[in-house]
Amino acid sequence: MNIKDIKKEFPIFDNKVHNNDLVYLDSANSSQKPKVVVDRIYDFYTKEFSNVGRSVHYLAVAATNLYENTRVLVQKYINAKDPNEIVFTKGATEAINLVANTFGQKYLKEGDEILITELEHHSNYVPWHYLRKSKGVKINFADVDENGDISIESIEKKITPKTKILAITHLSNVTGAILPIKEIIQLAHSKNIPVLVDGCQGAPHLKLDMQDLDCDFYAISCHKMYGPTGLGVLYAKKKWLEELPPYQGGGGMIGEVKKEGITFGDLPNKYEAGTMATAQVIAFGESINFINKLGIEKIEEHERELTKYGEEILRKNNSVKLIGSPKNKGSVLSFTLDGVHPHDIATILDEDGVAIRAGHHCCQILHEKLGLAATARASLGVYNTKDDLDQLNSSINKCIKIFNS
Amino acid sequence: MDLKDLYQEIILDHGKNPRNLGKFENFNKDAKGHNPLCGDKVHVYLKVDENKKISDIKFEGHGCAISMASASIMTELMKDKDQKEVNELIEDFLKMIKDNPDLKSNLINEDDKTKLMSLSGVKKYPMRVKCATLPWHTLISAMTNKPGEVNTEKDD
Ligand SMILES: Cc1ncc(COP(=O)(O)O)c(C=O)c1O
């Protein structure tokens, strides 16, 4: 893969930040967008726009086809069995809320337990928290180990006869741990526990196969996958989408509406109430084409090599403490510096055009466990190079110089 | 933008070695402040005597160099000031950070002025203004016995 050429496909890199080239190391937060995706939004609005699924005129039919075409692209990208197992949402957050809400409504009662982990993003904890109040359920946390990893044993230890669902991240947005989710899913299924995977960090970086993983739910954020904001995907096994109640009510998701009662539409409409993020869905098709053109395996390999390189140079830097050394680490390098607070690091790096994130990264449970209020995080995308990581390291040295002079 | 304006020597010094850091036994007012976006926390303790004068002030907390330096400089300045003076100083400081080019209060001598103005570098860094103002809002809260925690995302 020639990264110099790939970078050229992202218009953002034509801009300077404080007179410096942009070194974008915040892709775990949100990735940049290739021109094809941006253009697709413009083209749709200027040449093809219409609402989806409601009218019979030319534009409406064409727009509906484009919209449904992305559903099939997503289905193939994650190797789901059926395109109707793909539900569009406003983000991974909404996808998880959808499952927590409908699964909770239908299957959970007082005393039941939900198992999550200490690694989870607030998006995979807070939606479940509501069920504590509304249903009286208990939330258990599988322990993270000193490497920032979650082992199968730590999950097994927390499973009880009352565990009704397991919700777990695929790739930690702080420690970079890639969890052995296939084995974890097997374990859970052997005890009849369905599994939701928070795939926000998995989907942009790892090859996915829903049928092989056999997970029940998989949540994706499209804006982290070189796609538009305001869009997410919920993959759910068809039997769940058929069994669970609708999430929101409105147009488009109904069968028949009478004063006495309402029937709901077929899949996937049942879960897509109201006018959806049409332009974003259509443009997201181009994100998947973009990834497919490069090949997700190639992207994985490139990012693995970069992660290794980043770890190496940061480990050599005596002032840097890397957070998390999991067995299998993906595209995230969180760190702290002796005597420099992560927010000061982020401000100083920004001056050099180096964009990182500082804070708790929406993982306060994990940070409390680590005994840290905040960390600095550099995270990678397909457009990053070893030069970017060298620049990171030299800007880190600048922080140290400022603070120790 | 110039990092030297933000990380002036005074800031780095107070950030690394904050004055009045800790807690004391006989405080009679206190308040907590929190910036949920970055996790910065500050807890201000006061001893206000019968003349409404701050006879002692300390703080606990953790955060970036800006917030620690701001708390440190603030506590130095506030010692032995009465309620009216405290209010005047807080108002003057917050106005300077927001709009005013300079400090206006006559209560501030040249030395204090230099220290306080060292925090003015945040003006060019909008995301960092709250780091500088959090301890001051927390002090207001302690002085006025406002219940609950100061939250940078709710109060302004
Ligand atoms: C692991 C993880 N889960 C969930 C989310 C939430 O995604 P979104 O805000 O796009 O819904 C994120 C994004 O920050 C994440 O990194």
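Predicted model: local features only at pLDDT ≥ 70, side-chain atom pairs only at ≥ 80, totals over all residues.
Residues are numbered from 1 along each chain as its sequence is written, chains are lettered from A and ligands numbered from 1 in the order in which they are written, and side-chain values use heavy atoms, with hydrogens and water left out.

**View 1. The seven-stranded sheet of chain A.** The strands of this open sheet follow the order β4-β10-β9-β8-β7-β5-β6, and their pairing is mixed; strands (E, at least two residues) and helices (H or I, at least four) are DSSP runs numbered from the N terminus, and two strands pair if DSSP finds at least two bridges between them. Because β4 (86–89) and β6 (138–142) of chain A each have a single partner strand, one side of each is left without a neighbour in the sheet. Strands β5 (113–117) and β7 (163–169) of chain A run parallel and are joined by three bridges, and A:L115 has A:L166 as its bridge partner in β7(A). Helix α7 (181–190) of chain A packs on the sheet, touching β7 and β8 (195–198) of chain A, and its direction makes about 160 degrees with that of β8(A). Here contact means heavy atoms within 4.5 Å, and angles run from 0 to 180 degrees between the N-to-C directions of axes fitted to C-alpha atoms, for helices over the stretch in contact.

**View 2. The four-stranded sheet of chain B.** This open sheet has the order β3-β2-β1-β4 with mixed pairing, and its edge strands, β3 (54–62) and β4 (150–151) of chain B, each pair on one side only. Strands β1 (29–35) and β2 (40–48) of chain B pair in the antiparallel sense over seven bridges, with B:K29 standing opposite B:L46 in β2(B).

**View 3. The surroundings of the ligand.**

**View 4. A cis peptide bond in chain A.** The peptide bond that joins A:L267 and A:P268 is cis, with omega about 0 degrees, and A:P268 lies in the loop between β12 (262–264) and α10 (278–294) of chain A.
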